[in-house]
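The sequence and structure are shown first.

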Amino acid sequence: MNKFMLSDEDADFLPIIPINENDDQDKNLVVPDTLPLLPLRNTVLFPGVVLPITVGRDKSIKAVNEAYKGDKLIGVLSQKDANVEEPGPEDMCEIGTVAKIVKLIKMPDGGTTIIIQGKKRFSVTSIIQTEPYYTASIRVLAENEVAPEENFDAHLASIKDLAAQIIQISPNMPAEAAIILKNIESPSFLINFVSSNLNSDVIEKQNLLEIDDLTLRAEKLIELLHKELQFAELKNKVTTKTRTEIDKQQREYFLQQQLKSIKDELGGDTNEREIAEMKKKAENKKWSDAAREMFKSNIAKLERMHPTTPDYSVIYNHLDLLLDLPWQEYTKDNYDLKRAAKVLDADHYGMKKIKERILEYIAVLKLKGDMKSPILCFTGAPGIGKTSLGKSIAHAIGRKYVRVSLGGLHDESEIRGHRKTYIGAMPGRIIQNIRKIKSSNPLMVLDEIDKVGADFRGDPSSALLEVLDPEQNNTFYDNYLELEYDLSKVLFIATANNVQNIQPALRDRLEIIDLSGYAIEEKIQIAQRHLVPKQKEAHGLGKSKLKISDKVLQKVIENYTRESGVRELDRQLAAIMRNKAKEFSLRGRVSPTISLNDIEKILGTQKYSNEIYKTANMPGVAVGLAWTYVGGDILFIESILSDGKGELKLTGNLGNVMKESAATAFSYLQANAKKYGIDATIFSKKNIHIHVPEGAVPKDGPSAGVTMLSSLASAFTGRKIKPYLAMTGEITLRGQVLPVGGIKEKVLAAKRAGLREILMCYLNEKDVKEIDSNFIKGITFHYVKNMQQVLDIALV
């Protein structure tokens with residue numbers, strides 16, 4: 001019932017109840033000259049119309065009570081301004097409706113509700129009293145009962161039709177209203193009933209009430225009904241247009257709610273559980289302020305998103321990365337220098353220089369407690385243990401170890417990561433490995449840094465500049481992470497075979513440490529300590545008493561391998577173990593020792609021999625020392641004269657630098673022919689052909705300059721070169737000998753080949769002193785400054 005009540009303070013809803021439209025009592029109703037007044041706001045009462053009103057104002061309650069005690073008549077006036085709380089005489093309209101109080105109800109909350117029916121229109125002559133309620137002297141206005149005009153019936157029919165149309169297209173209008181409309185017969189009541197139900201404002205309704213002429217009132221009503229019909233049609237059109245989308249959203253919402261209820265019954269929504277777990281994990285996370293803010297922002301987005309939207313998985317994966325990264329989680333370094341030295345010695349034999357560098361680093365950490373980690377770069381031939389040394393260092397200082405292979409890397413985003421907007425985006429390899437290892441201060445080996453390439457996808461070596469700069473990498477920015485990450489505590493160790501292939505700007509950030517090749521003595525020790533036990537275990541012979549003597553190992557090294565490292569030696573030892581595993585399977589036992597003869601049976605005839613250096617002793621043949629990517633090596637340089645016009649011919653797949661060395665040697669010898677007892681005319685009568693065997697192998701570099709000049713001098717003078725002599729060095733047109741690199745590898749290669757004397761520039765003497773004297777016993781070194789000294793020593 002309450003929802004049908006109109007408050008005199010706020011009468012918005014207007015259910016109009018027509019009863020007794022042709023009530024005969026109205027004709028005989030005696031209206032006194034004075035009436036108590038009831039001001040209404042937001043509505044207008046018309047004759048014949050019934051309204052329920054909730055009375056709230058004190059004056060109104062007193063007026064209603066006083067009227068109900070007497071003839072139950074009260075004057076109802078509309079307020080001019082609905083916002084006035086306590087209306088005065090000037091705030092009320094002058095024309096209103098005499099109403100009869102049909103029913104007065106005292107409400108439980110102390111309020112008063114009345115049901116009133118409009119009877120006759122009246123105008124206020126004067127206000128008689130204002131307290132305790134308004135009383136006015138009034139004049140009753142008679143309805144203009146003129147004879148109906150010809151078009152008056154048409155007006156009534158139009159009113160009914162327009163009202164019926166509005167009821168039909170208005171969703172809030174009850175269907176019963178159309179039935180009531182059809183059954184109204186009185187013209188005046190029809191006009192009053194429809195006027196009361198108009199959706200117009202109070203001013204327009206009051207204007208209708210004040211019109212005396214019924215025909216004019218009908219015309220004005222039709223005008224207002226047309227306006228309301230147009231508005232209802234427009235509203236209906238807009239509603240229909242938007243309803244489809246709203247209905248779809250509502251349908252999806254209800255389905256989602258049903259799905260949520262089902263999931264709750266089954267133990268809760270998986271996505272909600274995951275978000276809750278993320279929040280719980282984040283509580284104990286040590287991370288930067290920027291990371292914390294980003295997490296809060298993204299988790300809030302995730303909670304608002306539906307799991308089926310494409311961005312849901314993008315944000316979820318990003319949050320997962322934020323939680324997985326060890327932002328301020330560090331492993332504790334072990335600063336025990338003695339223990340570290342033992343670990344390094346146990347894992348790798350030799351490498352004194354590198355071990356000292358690592359112990360220095362640990363000593364500084366121990367004293368200072370914290371420092372920006374250096375970026376070390378181990379360079380050397382394949383198979384000498386650069387990568388495994390990194391693992392050993394991690395073990396020595398108690399850090400986690402992670403290896404990043406950079407060989408063949410072409411895409412810059414592999415280092416910096418992809419932006420989240422790309423499909424399949426992921427963080428760069430640096431952040432991925434930090435995430436995997438769960439530590440912000442691991443030892444990270446960047447393997448094969450010299451094999452990084454560049455193409456249309458960018459230059460990864462340029463992206464590494466920020467990673468490998470101790471001054472910058474505390475704010476390393478990953479495109480996927482979209483945050484700065486501190487890499488300054490990471491100990492980076494790069495490995496490379498050839499430093500020259502590393503981009504200059506990147507090379508400048510690295511602390512280069514050369515790992516030279518191993519001497520035969522070192523290889524024997526490495527084999528006994530590491531390789532033989534490893535291969536025995538790998539081939540199921542770990543419990544057998546099989547041993548390999550140093551002499552047998554030396555034969556394998558000299559006759560079956562030619563390398564600076566021990567990778568090929570490891571393969572040969574694996575072949576021996578496979579043979580022994582087969583023997584054990586066939587006989588049930590294995591002989592504990594391996595003889596020199598067994599080696600030839602297992603590995604076949606020897607692959608390399610030193611005999612070639614003994615048989616090659618003839619004029620024009622010199623032995624040079626070269627450095628290749630696999631370490632030091634021996635090469636022959638042969639020169640031969642033939643009748644001709646003094647042409648110089650070069651063969652053997654030589655590079656430009658080596659060809660220039662040959663031309664320089666020839667020009668020097670030609671210019672100093674008399675000095676070396678050579679007939680100057682021979683240069684115009686003989687063609688000279690210089691050849692370096694193994695033509696399939698590309699050869700380049702300046703190191704063969706001395707060797708080429710010695711070979712040419714031997715050919716032109718007819719004097720042999722001293723046997724078992726090797727030489728290396730660059731020459732100038734003035735006959736000076738210049739120093740070259742890779743001395744240790746070259747010296748060890750000469751030792752492997754059985755050579756006894758080595759000739760080199762006097763400036764390379766410092767490099768020889770760095771080699772353990774035990775590894776170069778039996779080799780005589782000649783240090784020279786010019787070609788005169790070279791030829792004095794070399795030519796027999």
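In helix H25, Val-706, Leu-709, Ser-710 and Ala-713 meet Met-787, Val-790, Leu-791 and Ala-794 of helix H28, where contact means heavy atoms within 4.5 Å. The residues of this contact of H25 with H28 divide into 7 nonpolar, 1 polar and no charged. In this classing, Ala, Val, Leu, Ile, Met, Phe, Trp, Tyr, Cys and Pro count as nonpolar, Asp, Glu, Lys and Arg as charged, and the others, Gly among them, as polar.

The model is predicted, with pLDDT of at least 70 needed for local features and 80 or more for side-chain atom pairs, while totals for chains, interfaces and linings use all residues. Residues are numbered from 1 along each chain as its sequence is written, and side-chain values use heavy atoms, with hydrogens and water left out.

**Helix pairs**

Two packed helices are described by the angle between their axes and the distance between the axes. Axes are lines fitted to C-alpha atoms, for helices over the stretch in contact, and angles run from 0 to 180 degrees between N-to-C directions. Helices (H or I, at least four residues) and strands (E, at least two) are DSSP runs, numbered from the N terminus.

| Helix pair | Angle between axes | Distance between axes |
|---|---|---|
| H25 (residues 705-717) and H28 (residues 787-794) | about 60 degrees | 10 Å |
| H3 (residues 152-169) and H4 (residues 176-183) | about 170 degrees | 9 Å |
| H11 (residues 337-347) and H12 (residues 352-368) | roughly 155 degrees | within 10 Å |

The angle of about 60 degrees makes H25 oblique to H28. Angles under 35 degrees count as roughly parallel, over 145 as roughly antiparallel, 65 to 115 as roughly perpendicular and the rest as oblique. H25 passes H28 in a right-handed crossing, that is, with the near helix turned clockwise from the far one by less than a right angle.

At about 170 degrees, H3 is roughly antiparallel to H4. Lys-160, Ala-163, Ala-164 and Ile-167 of H3 make the contact with Ala-177, Ala-178, Leu-181 and Lys-182 of H4. By class, this contact of H3 with H4 has 6 nonpolar, no polar and 2 charged residues.

With axes crossing at roughly 155 degrees, H11 is roughly antiparallel to H12, and the crossing is right-handed. On the H11 side the contact involves Leu-337, Ala-340, Ala-341, Leu-344 and Asp-345, and on the H12 side Lys-355, Ile-358, Leu-359, Ile-362, Ala-363 and Lys-366. The contact of H11 with H12 divides into 8 nonpolar, no polar and 3 charged residues.

**Two strand residues**

Ala-494 lies in strand S14 (residues 491-496), and Cys-377 lies in strand S9 (residues 375-380). Ala-494 counts as buried at 1% relative accessibility; buried means under 20% relative accessible area (1.4 Å probe, protein chains only). Cys-377 is buried too, with a relative accessible area of 0%.

Leaving out residues up to four places away in sequence, Ala-494 touches Leu-376, Cys-377, Phe-378, Leu-446 and Ile-449. Leu-376 is 118 residues from Ala-494 along the chain, yet their C-alpha atoms are separated by 6.1 Å. Beyond four places in sequence, the contacts of Cys-377 include Ala-494, Ala-496, Ile-502 and Leu-510.

**The chain as a whole**

The protein chain has 28 helices and 24 strands. Its radius of gyration is 54 Å, well over the 28 Å that the globule rule gives for 796 residues, so the chain is more spread out than a compact globule. The radius is taken over C-alpha atoms, and the rule is 2.2 Å times the number of residues to the power 0.38. Along the principal axes, the C-alpha atoms fill a box of roughly 160 × 70 × 55 Å. Of the 796 residues, 47% count as buried.

Conventions: Buried < 20%, exposed > 50% of the residue type's maximum accessible area, 1.4 Å probe, protein only.
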